[in-house]
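Let's learn to read a structure by talking our way through one. Take a look at it first, then we'll go feature by feature.

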Amino acid sequence: DQYSSFGFQTCLDQSIENFQIFQGNRQNYNFKLYNILHGRNPGEIKIWFEAARKFCFDGWAIGVKGLPYQHIYAYMWLHEHDALNLHDNCHIFGVGGLHNMISLAMLSKYFDTNLTFDSSSWAMGSRTRRFYFPNDCRFYTEFRRNSTTNLLEVPCKCPVCQNVTIQDYYIQSNGIIPLLLSLHNLYQYIEINSMINIFVQDDDAFESFIKSRNEELLIQNIQKMFESYERGGCRLVENKHKDLVNPPLKADIADKNLFRYI
């Protein structure tokens, strides 16, 4: 629709203007500058890439719509079109969650490259007093003001939890506790991501891990995308897996604020 197109093009134009300023005035080459790839579907990804590919930066950051399959497609597009310094540095914006960690581990292994990502989900400890379960980043309980105080001990042995009591987590008047909950969550995110990166190197171990987390469909879809890429590149991936890489837009995402100004 026109509003959607207006938001996308406005943000693209602003980013290109910023890239020109960065490239024309850069002095510190020890500080990494990444090019950016945005888009909510393959068509927008292609338009953005053609406009941004001329800039000589140190790597790429991917900020496409938040589904794992679209991140994979975006990386494939950069890889197929020899994006400058892609193999050296690639970052994925805002992709917390187990399914994203799994998909990025598979993507990193398949293309034999290092990937980084950022997430703010762990900070929900500060915002809602959320406590992610040990070795998990999906399920949680919350130590809110009205929470019943039924737990008798802290159900975790991470470095944070070893230094607090369960009574501490239930306290509402201590401003440090929400910060400690966030640090506990961050520790769980780092641990589970490290575990996935180890398991992905062994097919049998990885398959068992995936079954334990009920994520079989995710890896089957990703493996099929890899197979299509090997046979026919991004065009075959796009045609064969339309529902994965080009899901229908909802009205509430036709908003220019989805695109990050960099």
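This is a predicted model: local features need pLDDT of at least 70, side-chain atom pairs count only at pLDDT 80 or more; totals for chains, interfaces and linings use all residues.

Q: Where does I210 lie, and what is it in contact with?
A: I210 is part of helix α8. Helices here are DSSP runs of H or I with at least four residues, strands are runs of E with at least two, and both are numbered from the N terminus. Contact means heavy atoms within 4.5 Å. Setting aside neighbours within four places in sequence, I210 has contacts with I102, E215, E216 and I219.

Q: How many helices and strands does the protein chain have?
A: There are 10 helices and 6 strands in the protein chain. Its C-alpha atoms fill a box of roughly 60 × 45 × 40 Å along the principal axes. Of the 262 residues, 47% are buried.

Q: Which residues do the contacts in the protein chain join, in terms of sequence?
A: Take the contacts between residues at least 6 apart in sequence: 70% of them join residues at least 24 apart.

Q: Now for helix packing. At what angle do α3 and α4 pack?
A: Axes are lines fitted to C-alpha atoms, for helices over the stretch in contact, and angles run from 0 to 180 degrees between N-to-C directions. Helix α3 (residues 68-80) and helix α4 (residues 98-111) pack at about 25°, and their axes are 9 Å apart. Angles under 35 degrees count as roughly parallel, over 145 as roughly antiparallel, 65 to 115 as roughly perpendicular and the rest as oblique. So α3 and α4 are roughly parallel to each other.

Q: Is the crossing of α3 and α4 left-handed or right-handed?
A: A crossing is left-handed if the near helix is turned anticlockwise from the far one by less than a right angle, and right-handed if clockwise. The crossing of α3 and α4 is right-handed.

Q: Which residues in α3 and α4 meet?
A: From α3 you have P68, H71, I72, Y75, M76 and H79, and they meet H99, N100, S103, L107 and F111 in α4. Sorted by class, this contact has 6 nonpolar, 5 polar and no charged residues. For these classes, Ala, Val, Leu, Ile, Met, Phe, Trp, Tyr, Cys and Pro are nonpolar, Asp, Glu, Lys and Arg are charged, and the others, Gly among them, are polar.

Q: How do α4 and α9 pack?
A: Their angle is about 30°, with the axes 11 Å apart. That makes α4 and α9 roughly parallel to each other too, and their crossing is right-handed. Among the residues of α4 that meet α9 are I102, M106 and Y110. By class, the contact of α4 with α9 has 10 nonpolar, 3 polar and 1 charged residues.

Q: Is Y110 buried, exposed or partly exposed?
A: Y110 is partly exposed, at 27% relative accessible area. Not counting residues up to four places away in sequence, Y110 touches F226, Y229 and E230.

Q: What can phi tell me about D82?
A: Most residues other than glycine have a negative phi. D82 is not a glycine, yet its phi is positive, about 50°. D82 sits in the loop between α3 and β3 (90-92), and D82 is exposed, with a relative accessible area of 69%.

Key:
Residues are numbered from 1 along each chain as its sequence is written. Side-chain values use heavy atoms; hydrogens and water are left out. Buried means under 20% relative accessible area, exposed over 50%, partly exposed in between (1.4 Å probe, protein chains only).
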